[in-house]
Amino acid sequence: MTIIAQTITPTTHDLGEFQVRRVLPSRHRRMVGPFIFVDEFGPASLPEGPGMGVRPHPHINLATVTYLFEGAIDHRDSLGTHQTIRPGEVNLMTAGRGIVHSERSPLETINEPKPMFGMQTWLALPDGKEEIDPAFENVGEEGLPLIEDGGAKARIIMGSLWGQTAPTTCHAETIYADILLYAGGAIPIDAEADERAVMLVDGEGTLDGVPLEKYVLYVIAPGAKVSLSSLSGGRAMLLGGEAFASERHVWWNFVSSSKDRIEQAKADWFEGRFPVVPGDPDEYIPLPTGKPNTVTD
């Protein structure tokens, strides 16, 4: 039995001070469970200065999930949230009918180098929940279940895995975990989810003996019982969840089952009908002209 159903090589974007590697959406696959956008960034060290400066921009019909291995990011959104996310925590921002947010390096780090290493993912909201009220939650490191034995430890970021459940809100059935493998360690990958994938982000690892290339997304065959292991130590992300029956479209920062809804969001942003971000009201990212890189039709 083939345990790997698909292999997706990332598209790398060099932002000068660090690299972003995108595996979803791709030409070959749009989603794994509710995950419709998966970026890995770093490891890198940003020099002294303002650092990360993602200006306010809008989202609809999705939830963003930010998870860091190193560094810190200040999140602000149009609900009035101001949250500094740190390693081991999870930021879940539900856009629903519409939200605006910015992501910047904390001001107190302006005069020092800034490590940057983590994951930025989007979850499509399921049918019937795309237009829910926007919301934000942060779950600290101590609030996320930690599964640990002699060879590996895994922090459950979302969903139920290995008999424990994270408190993070799931709008659709979702699994998401940060797995740290010690030298000679191994951990079984739960088989209950409709769709599952693994990305090695550090070190070395194999999936049932198949060597994993760093930053590549390996989609596991449905129902396959597999084990993740490492001879010398490594770190990997497990993600997935329920398969969506209806199609999702992506244009820039907008995700929806309706192309008309995306057109409305484009017009709303262009005409200034989205709310502003308290504490970050002066700048914004303009609506792109032409066809952004994230388009999937």
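Helices (DSSP runs of H or I, at least four residues) and strands (DSSP runs of E, at least two) are numbered from the N terminus. This is a predicted model: local features need pLDDT of at least 70, side-chain atom pairs count only at pLDDT 80 or more, and totals for chains, interfaces and linings use all residues. Residues are numbered from 1 along each chain as its sequence is written, and side-chain values use heavy atoms, leaving out hydrogens and water.

**View 1. The protein chain has 26 strands and one helix.** Its radius of gyration (taken over C-alpha atoms) is 19 Å, close to the 19 Å of the globule rule (2.2 Å times the number of residues to the power 0.38) for 297 residues, so the chain is as compact as a globular protein of that length. The C-alpha trace spans about 55 × 50 × 35 Å along its principal axes.

**View 2. An open sheet of seven strands.** The order is β1-β22-β19-β24-β17-β14-β13, with antiparallel pairing; two strands pair if DSSP finds at least two bridges between them. At the edges, β1 (4–8) and β13 (146–148) each pair on one side only. From one strand to the next the twist averages 20 degrees (axes are lines fitted to C-alpha atoms, and angles run from 0 to 180 degrees between N-to-C directions).

**View 3. Strands β17 and β24 run antiparallel.** Eight bridges join β17 (residues 174–181) to β24 (residues 234–241). Opposite Arg-235 in β24 stands Leu-180.
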